[in-house]
Amino acid sequence: MSTRLEILVQQRLEKLEKIRASGIDPYPHLYQRTHTAQQVVALLKQDGPPREVKVSGRITASRPMGKAAFMNLSDGSGKIQVYVRRDHLGEQGYDLFKLLDLGDFIGLTGRPFYTHTGEPTIEAASLTVLSKALLPLPEKWHGLTDVEKRYRQRYLDLVSSDEVKGIFHTRSRIIASMRRFLDDLGFMEVETPILQSHAGGAMAKPFTTHHNVLDRDLYLRIATELHLKRLLVGGFEKVYEIGRIFRNEGISTKHNPEFTSMESYEAYADYTAVMSRVEEMVAHIARSVLGTTTVEYDGRQIDFTPPWRRITLRDAIKEQCDIDFAEFPDAPSLAAKMKESGMAVEPGLGRGKLIDELLSTAVEHTLTQPTFLLDYPVELSPLAKRKPGEPDLVERFEAFAGGMEIANAFTELNDPLEQRERFKEQAKAREAGDEEAEMPDEDFLVAMEHGMPPAGGLGVGIDRLAMLLTNQQSIREVILFPQLKTRE
RNA sequence: GGGCGGUUAGCUCAGUUGGUUAGAGCACCUGCCUUUUAAGCAGGGAGUCCGGAGUUCGAAUCUCCGACCGCUCACCA
């Protein structure tokens, strides 16, 4: 800590002591306001004689003028100007005012009025210190622009930027709107374990942790899928879970090691039913949160109005790079074709991974408008049901918008014998070095052997949906406390 | 993990070819000011120039090593 900051803190500590010395508790327990800042502004617009109000908030600006001063007081609703006058407040009250700093929380009583310039203002009759701040806040005009500091000390970012506050408010409303949409359709929200002995339900590397008393390694979940399906076995026909998922993979503008997903499962539905559900849900959320289904993202308009474009993965790849993967029944021939088209192909990849490669390198970034890609290779989807008549494919779709995947869904595999076979294939891939291959989960298989109804399942990336609906190009702008390296 | 860029006062930023004591605005302190609003006027204090090593008579500036951040590529949702 530099000398200069120490001086600023020392000055505030001295003021704190002076407040204490005058018999005032600078950190009192309770202050019951009668109005928020916004309510005071509304009150002033009404007719009738102004009545006294009691408000509280943080001092965010101060303009002293000798024996009077104006302050800006910010609370959760907005800000209101405060006028303090020695004549009105009295000697003692004005002395207390002089011991206040930017950043302090105060309460005050007074009558609202309009100044000559028309600013809604409260003339303070009494001041109460609610919390003395010891450290200075970021500069009032530019706020906090140091990106690292914004993430590490998000509270300062929030204090100094209404825009940032707005993004997280919107995120909260997106999730609330999603809950309401699902609840209204009769879905039941549930909670399943984050600590798991098998990290299944997705192709991803898990975080490992350890339970001391049981002396067992556990994984942080990489998906909620396998537990939600157990609930289908148990007889809950429409369930969903909104929760944190952990994946031990790279960090980027589109990836955080922990992120929020919504997974839902509906008995007696298939992926076509889920598809309409997704487009309706996203349109509903956009409408209820933003008032429109057309949003601007990264300089382009995205229209979420249903129906969204539907195209098979095969056709989408054909469209972008003129490769029809159906014509290449095995990995070597597909890899050869990809190399022929000038693509760098990692050796040893299976056919499914090659197709995934085509999707992510050639197709994904082109999908600005909401698009469903349908029918994925079975190797990539060990938990999805095969497409009738096309044994290499499963009934699966992914939804894209703004060049990002935002949802993944399939008709759920409910044949326990086939599921067991699929797990075996995944185990082989894992032995061959594929760390992302599905871990066989015997307990889940036993559940399925007791009978799982046909069902449609869905996973939505909530952070990415929030990015799209708030026009943010980095996932860190929609996660309050994104993962950063700790300084050594 | 690779490439490129960045890190200077509490905050936002300048800093010339390597050259005197590293500057400005906000914030802070003192004085004046009872309708201001990025209040104003006058004065003042405040720095581990990200860390370390090196080159040099002399380094915020050049070189090397390291830390962290951003963008981007690869992996992933």
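Trainee: What distance separates the centres of domain 1 and domain 2?

Mentor: Please keep in mind that this is a predicted model. Taken over C-alpha atoms, the centres of domain 1 and domain 2 are 48 Å apart. Domain 1 covers residues 4-137 of chain A, while domain 2 is made of two segments, 159-308 and 369-477.

Trainee: How many helices and strands does chain A hold, and what box do its C-alpha atoms fill?

Mentor: Chain A has 14 helices and 19 strands. Along the principal axes, its C-alpha atoms fill a box of roughly 90 × 55 × 50 Å. Of its 488 residues, 48% count as buried.

Trainee: Let us turn to a single helix. Which residues of α1 are buried?

Mentor: The general idea comes first. An α-helix has 3.6 residues a turn, so residues three or four places apart point the same way. In this structure, the buried residues of α1 are V9, R12, L16 and I19. Viewed down the axis of α1, these buried residues fall within an arc of 70°, so they line one face of the helix. On the other side of α1, the residues T3, R4, K18 and A21 are exposed.

Trainee: How far does α1 reach from its first C-alpha to its last?

Mentor: The 19 residues of α1 reach 26 Å, close to the 27 Å expected at 1.5 Å a residue. The buried residues of α8 include Y271, V274, R277 and V289. Just after α8, G291 takes a positive phi of about 80°.

Trainee: Which residues line the largest cavity?

Mentor: Its lining consists of F187, S264, Y265, E266, V274, R277, G456 and L458. Strand β11, helix α8 and strand β19 each supply at least two of the lining residues, and β11 gives the most, with three. By class, four of the lining residues are nonpolar, two are polar and two are charged.

Trainee: Which element gives the largest share of the lining of the second largest cavity?

Mentor: That share, four residues, comes from helix α7, residues 225-234. The lining includes E225, L226, H227 and R230, together with others such as Q196 and D441. It divides into two nonpolar, five polar and three charged residues.

Trainee: A pocket, I understand, is an open space. How many residues line the second largest pocket, and which lie nearest its centre?

Mentor: The second largest pocket is lined by 34 residues, with T60, S74, L137, V159 and S160 nearest its centre. The elements that give two or more residues to this lining are α1, β1, β2, β3, α5 and α6. Strand β1 provides the largest share, six residues. The pocket holds about 1000 Å³ of space. Its lining has 11 nonpolar, 13 polar and 10 charged residues. Each of domain 1 and domain 2 gives at least three residues to the lining.

Trainee: Finally, how should I read a single residue? Is N72 buried or exposed?

Mentor: A residue counts as buried under 20% relative accessible area. N72 has a value of 12%, so N72 is buried. N72 lies in strand β2. Between N72 and T60 there are 12 residues of separation in sequence, and 5.4 Å in space from C-alpha to C-alpha.

Trainee: Where does N248 lie?

Mentor: N248 lies in the loop between β10 and β11. With a relative accessible area of 37%, N248 is partly exposed. N248 and M452 are 204 residues apart in sequence, and their C-alpha atoms are 30 Å apart in space.

Key:
Residues are numbered from 1 along each chain as its sequence is written. Chains are lettered from A and ligands numbered from 1 in the order in which they are written. This is a predicted model: local features need pLDDT of at least 70, side-chain atom pairs count only at pLDDT 80 or more; totals for chains, interfaces and linings use all residues. Side-chain values use heavy atoms; hydrogens and water are left out. Domain bounds come from an automatic or database domain assignment. On a 1 Å grid over the protein atoms alone, a cavity is a set of points where a 1.4 Å probe fits but cannot get out, and a pocket is an open set with protein on both sides within 12 Å along at least five of seven lines; lining residues have an atom within 4 Å of a point. Grid points are joined across faces, edges and corners, and a volume is the space filled by probe spheres set on the points. Ala, Val, Leu, Ile, Met, Phe, Trp, Tyr, Cys and Pro count as nonpolar, Asp, Glu, Lys and Arg as charged, and the others, Gly among them, as polar. The expected span of a helix is 1.5 Å times one less than its number of residues. Buried means under 20% relative accessible area, exposed over 50%, partly exposed in between (1.4 Å probe, protein chains only). The arc is that of the directions from the helix axis to the C-beta atoms.
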